[in-house]
Amino acid sequence: MEHGRLGRNLRHLLGLHDLSQQDLARYLGLSPQGLWNILHGRSEPRSRTAHALAVAFGVNLDVLFADTGTCVRAAAAVFERAPVRAIGATGEPAVAAHTA
């Protein structure tokens, strides 16, 4: 696998969903620095983090590590159903704000 491909794909997915790194980190329960390290190829995610990223964007785990075109096409195909669409301005799932 090309070094940094996962981070590049995730940066594209953040842009596709108009999300900030901080919002995604909060949604996943990661530190902003931890997510930044993944996004910039400084570290690889743990398997449970990689799985959570795939679930959040509604794609298969393999897609996150695929070439960028494949990743973005797969994410665009499930754009409206991706769980990250529910992230509110606070970085929490929008439904959580209504259940309190």
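Trainee: Reading along the sequence, what pattern does the protein follow?

Mentor: In this predicted model, the protein reads α-α-α-α-α-α-α along its sequence, with seven helices and zero strands.

Trainee: And how much of the protein is buried?

Mentor: Of the 100 residues in the protein, 35% are buried. As for contacts with a separation of 6 or more, 64% of them join residues 24 or more positions apart.

Trainee: Let's take H4, then. Which of its residues are buried?

Mentor: Helix H4 covers residues 47-57, and its buried residues are Thr 49, Ala 50, Leu 53, Ala 54, Ala 56 and Phe 57. When you look down the axis of H4, these buried residues fall within an arc of 165 degrees, so they line one face of the helix.

Trainee: Why would residues spaced like that point the same way?

Mentor: An α-helix has 3.6 residues a turn, so residues three or four places apart point the same way.

Trainee: What's on the face of H4 turned away from the buried side?

Mentor: That face carries Ser 47 and Arg 48, which are exposed. The buried residues of H4, for their part, pack against helix H1 (5-16), helix H2 (21-28), helix H3 (32-39) and helix H5 (61-64).

Trainee: Can we zoom in on Thr 49? Why does it count as buried?

Mentor: Thr 49 has a relative accessible area of 12%, and buried means under 20%, so Thr 49 falls in that class. If you leave aside its neighbours within four places in sequence, Thr 49 is in contact with Leu 30 and Ile 38.

Trainee: What follows H4?

Mentor: Gly 58 follows H4, and its phi is positive, near 75 degrees.

Trainee: Which residue has a positive phi although it is not a glycine?

Mentor: Asp 18 does, with a positive phi of about 55 degrees. As background, most residues other than glycine have a negative phi. Asp 18 lies in the loop between H1 and H2, and at 72% relative accessibility it counts as exposed.

Trainee: Back to H2, then. What's buried there?

Mentor: In H2 the buried residues are Asp 23, Leu 24, Ala 25 and Leu 28, and the buried residues of this helix pack against H1, H3 and H4.

Trainee: Which residues touch the most other members in the largest nonpolar core?

Mentor: That core has 24 residues, and those touching the most other members are Leu 10, Leu 24, Phe 57, Val 59, Leu 64 and Val 84. H1, H2, H3, H4, H5 and helix H6 (68-77) each supply at least two residues of this core. In general, nonpolar side chains in soluble globular proteins tend to be buried together.

Trainee: What is Val 84 in contact with?

Mentor: Leaving aside neighbours within four places in sequence, Val 84 is in contact with His 17, Leu 19, Leu 24, Tyr 27, Ala 56 and Phe 57.

Trainee: You mentioned H6. Which of its residues are buried, and which are exposed on the face turned away?

Mentor: The buried residues of H6 are Thr 68, Cys 71 and Ala 75. Seen down the axis of H6, they fall within an arc of 65 degrees, so they line one face of the helix. The face turned away from that buried side carries the exposed residues Arg 73 and Ala 77, while what covers the buried residues of H6 includes H1 and H5.

Trainee: What lines it?

Mentor: The largest cavity is lined by 10 residues, of which Gly 4, Leu 6, Gly 7, Gly 41 and Glu 44 lie nearest its centre. H1 gives the most to this lining, with three residues, and the lining residues divide into four nonpolar, four polar and two charged.

Methods. Residues are numbered from 1 along each chain as its sequence is written. This is a predicted model: local features need pLDDT of at least 70, side-chain atom pairs count only at pLDDT 80 or more; totals for chains, interfaces and linings use all residues. Side-chain values use heavy atoms; hydrogens and water are left out. Buried means under 20% relative accessible area, exposed over 50%, partly exposed in between (1.4 Å probe, protein chains only). Helices (H or I, at least four residues) and strands (E, at least two) are DSSP runs, numbered from the N terminus. The arc is that of the directions from the helix axis to the C-beta atoms. Contact means heavy atoms within 4.5 Å. A nonpolar core is a set of buried Ala, Val, Leu, Ile, Met, Phe, Trp, Tyr and Cys residues joined through side-chain atoms within 4.5 Å. On a 1 Å grid over the protein atoms alone, a cavity is a set of points where a 1.4 Å probe fits but cannot get out, and a pocket is an open set with protein on both sides within 12 Å along at least five of seven lines; lining residues have an atom within 4 Å of a point. Ala, Val, Leu, Ile, Met, Phe, Trp, Tyr, Cys and Pro count as nonpolar, Asp, Glu, Lys and Arg as charged, and the others, Gly among them, as polar.
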